[in-house]
Amino acid sequence: MNQSFFIGAVGAHQELKRLAVYGNNIANVNTYGFKAEKARFAALMYDDVKAIGDEMLPVGVGGALWTTDTDFGQGPVADTGRKQDYMIEGEGFFGVVDLNTNEVTLTRNGGFMISELMRPTEETDEYGVPVQERVLYLSDAQGRFVLSETGGMIEVEDFTAKYPIGIFDYINYNGMTHQYDTLVSPVDKNGGLRRGSGKLIQGCLEQSNTDLAEEFSKMIETQRAYGLALKVVQASDEIETTINGLRS
């Protein structure tokens with residue numbers, strides 16, 4: 001079968017994946033702390049074939065979505081006035097821990113809330129069982145607990161955090177794993193964990209850095225590319241049909 005058929009089919013499939021990236025950015029335009037992703041393409045295998053004379057021409061099999069880079073640029077400021085809302089002006093992340101898995105992830109979404117946990121005390125009841133006390137901690141909306149500057153959980157008293165909220169950072173952000181919602185996880189090449197240089201601001205949240213104008217223009221561009229790829233498939237099919245008809 002003509003190679004162009006496969007080039008067009010692969011191109012259409014990759015443009016759909018690219019469309020999903022921009023669609024996700026648009027869907028999170030109102031998500032606090034969200035960082036937009038950028039689709040990066042790379043050429044698939046190609047080879048040099050002999051053309052006229054000694055001239056060599058590269059013949060490839062199209063391109064593919066190679067990776068998605070995250071744009072960690074600062075988003076606009078939203079003034080909320082809530083005591084549990086925080087934003088970072090500059091570089092750095094909030095650290096949150098999931099007590100079920102002990103997994104620590106990073107986020108720029110400082111829309112926190114107050115959660116309670118029961119903690120054993122030194123007192124015991126008549127059966128020798130430690131008496132539990134209710135303790136309030138700062139957490140995110142998914143039940144992960146916010147980390148302080150020293151890496152511990154932050155207790156809350158009278159709706160105020162008792163310990164300074166930690167701002168953590170890495171030398172570079174290249175290759176960070178962008179998880180669901182606004183969470184990111186570092187990889188080895190990001191370097192060692194260090195204290196972030198950003199400024200903590202209470203009563204404000206960082207809005208998504210998604211540029212709607214850019215995202216919509218990229219979506220239109222992707223839809224056009226998808227349509228052209230399908231036309232390549234259609235044209236290749238028509239050529240094959242014509243050739244098979246001549247053979248018969």
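Pocket first: I sorted the lining of the largest pocket by class and got 4 nonpolar, 7 polar and 2 charged residues. I counted Ala, Val, Leu, Ile, Met, Phe, Trp, Tyr, Cys and Pro as nonpolar, Asp, Glu, Lys and Arg as charged, and the others, Gly among them, as polar. The volume of the largest pocket came to about 150 Å³. Of its 13 lining residues, Thr107, Asn109, Gln142, Asp181 and Thr182 are the closest to the centre. For the search I took a pocket, on a 1 Å grid over the protein atoms alone, as an open set of points where a 1.4 Å probe fits, with protein on both sides within 12 Å along at least five of seven lines; lining residues have an atom within 4 Å of a point.

A note on the source: this is a predicted model, where local features need pLDDT of at least 70, side-chain atom pairs count only at pLDDT 80 or more, and totals for chains, interfaces and linings use all residues. Residues are numbered from 1 along each chain as its sequence is written, and side-chain values use heavy atoms, without hydrogens and water.

Confidence next: pLDDT (the predictor's confidence in each residue, from 0 to 100) averages 90 over the protein chain, and 97% of the residues score at least 70.

Then I went to Thr222, which sits in helix H2 (residues 212-247). Is Thr222 buried or exposed? Thr222 is buried, with a relative accessible area of 1%; buried means under 20% (1.4 Å probe, protein chains only). Leaving aside neighbours within four places in sequence, I found Thr222 in contact (heavy atoms within 4.5 Å) with Glu15, Arg18, Leu19 and Tyr22.

Key:
Points joined across faces, edges and corners; volume = space filled by probe spheres on them. Helix = DSSP H or I, 4+ residues; strand = E, 2+ residues; numbered from the N terminus. Buried < 20%, exposed > 50% of the residue type's maximum accessible area, 1.4 Å probe, protein only.
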